[in-house]
Amino acid sequence: MTRYDRQTILHEVGTTGQQALAAARVVVVGAGGLAAPVLPLLAGAGVGHITLIDGDHVSLSNLHRQTLFTEADIGTAKVTVAARAMTARNSNCTVVCHAVPLAPDNVATLTQDATLVLDCADSFATSYVLSDHCLEAGLPLISASALGFGGYVGGFCGGAPSLRAVFPDLPDRAASCDTAGVMGPVVAMVGAAQAQMALACILGLSPSPLGQLVSFDLASYRFGGFRFDTAPEPDHGFGFLAPSQIRANDWVVDLRGQGEAPTAATPTALRITLPDFTRDTPRPSHQTRAVIACRSGLRAWQAATHLATYWNGPVSLLAMGEPSPLKGQTDENM
C-alpha cells in the first residue's frame, strides 16, 4: 500500500498523472479560508512544489473559516503556519513561502516558474492583477470567491478567456467577509472545488476546467455554472499599479479621505472624494497617464470609468488598502 494508491487507481490519474502532479509547480496566492482546504488537498494529492504568497498574520476572527489555524497561531504569519501544516501532511511536497502581499510589481517574479496559479486571496484587485499577468504569460489561473452563503470558482487564462472576459466590470459595492460576513462551510466547499479544478488542470482532464465557472448558493442548496470558452476579451479595462510603478509625470488622484489615509499616494496627488471627482470632473493636463488611488480599487475604478467618458488617455488604478495594497476593505483573506 502506498500513499497515492486510492488516487492512482483512477484511470484518469494512474502513474502518469501522479508523475505530472509531482512535477507541477503551483503558486497559491492567499493563505486564508479558501486556502484552508486547497493547500492540504494539493499537498495530499502529491503536488511536488507549492509556492505560497500572503503578507498577513493569523487573527482571532480568522478561525471560524480558516481551519488551518488554531488559537496558538494567532499573531504568526499565515504562510508559516500553512507551510508547517502541508509539510506535516506530505514531506515530499516542497513548500516555498513569501510573507509579502502580491502586487503588480512582484507578480511576474513570484509566478515565473509556475505551472498553475491559484487565486485564494478573494480580493478583486488581486484577481485582476493575477488574471492580467496570467493571460499575458499563458498561465492557467483558478480563481475563487466566497461571500455570505455563496461563491464561485472558475478556470481562466492558459488558453481560456481571462477573468476580465467574464467579469469586465467591478461590483457597485466592495463587500468582504469583514463587512458582509461569510459561512465557514461555504468557504470550505468553494475551496475544495478550487483544489479539484487545479488538480484536473494539471492532470489534463476533460472537459477542461479552463473556460468553466461553477457557482454555489448554499442558502438554497443550488449549484450552477457555465462555460465561457468563446467569451471575448474586453477591448478596454483599467490595470492596477503598485506605488513603485508611479512615474514622475503621472497625474495622480487620491480618493481616500484625510482620516482614511493621512499620507497621500504621492506628495503631488490631488486629494478629492469620489462624489467631487464625478461632479467637478477634474482633467489631466499634459501628463501621459492618469493614476487614481483608493483603498480597495473600487472607487478608483468608478472614477476611472467617469474619466474615460471625456478623456481618452491611459488610466491606471492604485489599490492602497492596509496591510496589503491589494486586500480590499479588509485585512483578512477569505
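Residues are numbered from 1 along each chain as its sequence is written, and side-chain values use heavy atoms, with hydrogens and water left out. Because the model is predicted, local features need pLDDT of at least 70 and side-chain atom pairs count only at pLDDT 80 or more, while totals for chains, interfaces and linings use all residues.

**The sheet**

Helices (H or I, at least four residues) and strands (E, at least two) are DSSP runs, numbered from the N terminus. Two strands pair if DSSP finds at least two bridges between them. Eight strands form an open sheet with mixed pairing, in the order β3-β2-β1-β4-β5-β6-β7-β8. Its edge strands, β3 and β8, each pair on one side only. From one strand to the next, the twist averages 15°.

Strands of a sheet pair through backbone hydrogen bonds, either parallel or antiparallel. Strands β1 and β4 pair in the parallel sense over four bridges. Within this pair, Val26 has Leu116 of β4 as its bridge partner.

| Strand | Residues |
|---|---|
| β1 | 25-29 |
| β2 | 49-53 |
| β3 | 94-98 |
| β4 | 116-119 |
| β5 | 140-147 |
| β8 | 222-227 |

Helix α3 (residues 35-45) lies across β1, β2 and β4, and runs at about 165° to β2. Here axes are lines fitted to C-alpha atoms, for helices over the stretch in contact (heavy atoms within 4.5 Å), and angles run from 0 to 180 degrees between N-to-C directions.

**The cores**

A nonpolar core is a set of buried Ala, Val, Leu, Ile, Met, Phe, Trp, Tyr and Cys residues joined through side-chain atoms within 4.5 Å. Buried means under 20% relative accessible area (1.4 Å probe, protein chains only). The largest core has 50 residues, of which Val26, Val28, Leu39, Leu42, Val47 and Leu118 touch the most other members. Helix α9 (184-203) is one of the elements that each supply at least two residues of this core, and α9 gives the most, with nine residues. Another core, of 46 residues, lies apart from it and includes Leu102, Cys157, Val253 and Ala290.

Not counting residues up to four places away in sequence, Leu39 touches Val28, Ile50, Leu52, Leu68, Ala82 and Met86.

**A loop residue**

Ala103 lies in the loop between β3 and α5 (107-110). Ala103 is buried because its relative accessible area is 7%. Its C-alpha atom is separated by 12 Å from that of Leu317, 214 residues apart along the chain.
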